[in-house]
Amino acid sequence: VRNGLKMLLEHSAISVVGEANNGRKALKLAAKLQPDVVVLDITMPELNGIETASQMRDKAPDTKVVILSMHATEEYIFMALEAGVMGDVLKESAGREVVDPVRAAHAGNYYMSKKIGDTVMKKFLAGGREGPVSPLQSLSHREREILQLVVEGGTSVEIAKKVFLSPKTVETYRCRLMKKLNVN
């Protein structure tokens with residue numbers, strides 16, 4: 001998929017300066033290269049696209065983010081916008097549509113796939129968004145990071161090594177997550 005997107009972008013005179021296969025690598029690469037625009041997949045391993053976009057605001061503040069998503073639900077759309085995403089494109093139309101959102105973001109404009117735009121407009125016309133949509137919104141960046149690694153099957157020791165914490169601290173995060181999300 002990355003190779004296909006790269007070919008589409010380069011065929012449209014957009015230079016691709018780096019590639020990453022997970023959110024952590026994308027964050028490190030963006031901090032190093034400071035690209036104009038980054039295209040992220042919402043379901044990247046280790047650090048999902050929304051969390052990567054949110055953290056990218058600190059690491060590469062001038063970099064605009066376009067996210068590829070398979071979700072046109074209100075929850076994901078608003079979480080992406082709150083993370084600072086300037087383009088939200090459904091994967092089903094990414095092949096046809098990826099160049100326009102990259103150009104729009106580069107110019108400082110927002111871009112949404114039609115289906116995503118329709119969801120946003122319906123919510124706006126219904127009176128806007130009130131209160132948190134998801135309990136995930138109550139989590140800190142680090143808690144969301146730990147949660148994703150837990151969901152991916154990481155043990156506390158493995159997670160601790162990846163995020164440079166002690167296993168005991170990771171266990172504390174796990175307990176806190178269970179309480180906040182009301183899960184066993």
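Helices here are DSSP runs of H or I with at least four residues, strands are E runs of at least two, and both are numbered from the N terminus. The model is predicted, so local features need pLDDT of at least 70 and side-chain atom pairs count only at pLDDT 80 or more, while totals for chains, interfaces and linings use all residues. Residues are numbered from 1 along each chain as its sequence is written, and side-chain values use heavy atoms, with hydrogens and water left out.

**Around α6**

Now colour α6 itself, residues 99-106. Which of its residues are buried? Val 99, Pro 101, Val 102, Ala 104 and Ala 105 are. Buried means under 20% relative accessible area, exposed means over 50%, and partly exposed is in between (1.4 Å probe, protein chains only).

Step along to Tyr 110, in the loop between α6 and β4 (111-112). Tyr 110 has a relative accessible area of 57%, so it counts as exposed. Even so, show its neighbours: leaving out residues up to four places away in sequence, Tyr 110 touches Leu 81, Val 85, Met 86 and Ala 104. Contact means heavy atoms within 4.5 Å. For a distance to draw, pick the C-alpha atoms of Tyr 110 and Lys 64, which are 46 residues apart in sequence and 9.9 Å apart in space.

**The cores**

Next, select Leu 40, Ile 50, Ala 53, Met 56, Val 65, Ile 67 and Val 85. These have the most contacts inside the largest nonpolar core, which has 18 residues. Elements giving two or more residues to this core are α2 (23-33), β1 (37-41), α3, β2 and α4 (74-82). A nonpolar core is a set of buried Ala, Val, Leu, Ile, Met, Phe, Trp, Tyr and Cys residues joined through side-chain atoms within 4.5 Å.

Zoom in on Ile 67: beyond four places in sequence, its contacts include Leu 40, Ile 50, Ala 80 and Val 85. Then look for a second, separate core of 14 residues, with Ile 14, Met 86, Val 102 and Ala 105 among them.

Go to Thr 63, in the loop between α3 (49-59) and β2 (64-69). Is Thr 63 buried or exposed? Buried, at 9% relative accessibility. A polar atom of the Thr 63 side chain is 2.6 Å from the backbone oxygen of Pro 35. That's a polar contact: a pair of N or O atoms within 3.5 Å, where within protein one must be able to donate a hydrogen and the other to accept it, and residues adjacent in sequence count only if both atoms are side-chain atoms. Not counting residues up to four places away, Thr 63 touches Gln 34, Pro 35, Asp 36, Val 37, Val 38 and Met 56.

Follow one of those, Gln 34, to the loop between α2 and β1. Gln 34 is partly exposed, with a relative accessible area of 37%. Its side chain has a polar atom 3.0 Å from the backbone oxygen of Lys 59. Leaving aside neighbours within four places in sequence, Gln 34 also has Leu 29, Ala 60, Pro 61 and Thr 63 among its contacts.

**Two non-glycine residues with positive phi**

Most residues other than glycine have a negative phi. Select Glu 46, where phi is near 70°; this residue lies in the loop between β1 and α3 and is buried, at 18%. Then jump to Phe 164, with phi near 60°, in the loop between α9 and α10. Phe 164 is exposed, at 72%.

**Helices on α10**

Finish with α10 (residues 167-181) and α8 (residues 141-151), which pack at about 95° with axes 10 Å apart. Axes are lines fitted to C-alpha atoms, for helices over the stretch in contact, and angles run from 0 to 180 degrees between N-to-C directions. α8 and α10 are therefore roughly perpendicular, a label for angles of 65 to 115 degrees; under 35 is roughly parallel, over 145 roughly antiparallel and the rest oblique. Look for Ile 146 and Leu 147 among the α8 residues meeting α10, and Tyr 173 and Leu 177 among those on the α10 side.

Helix α9 (residues 156-163) packs on α10 at about 105°, with axes 8 Å apart. Here the contact is made by Ser 156, Val 157, Ile 159 and Ala 160 of α9 with Pro 167, Val 170, Glu 171 and Arg 174 of α10.
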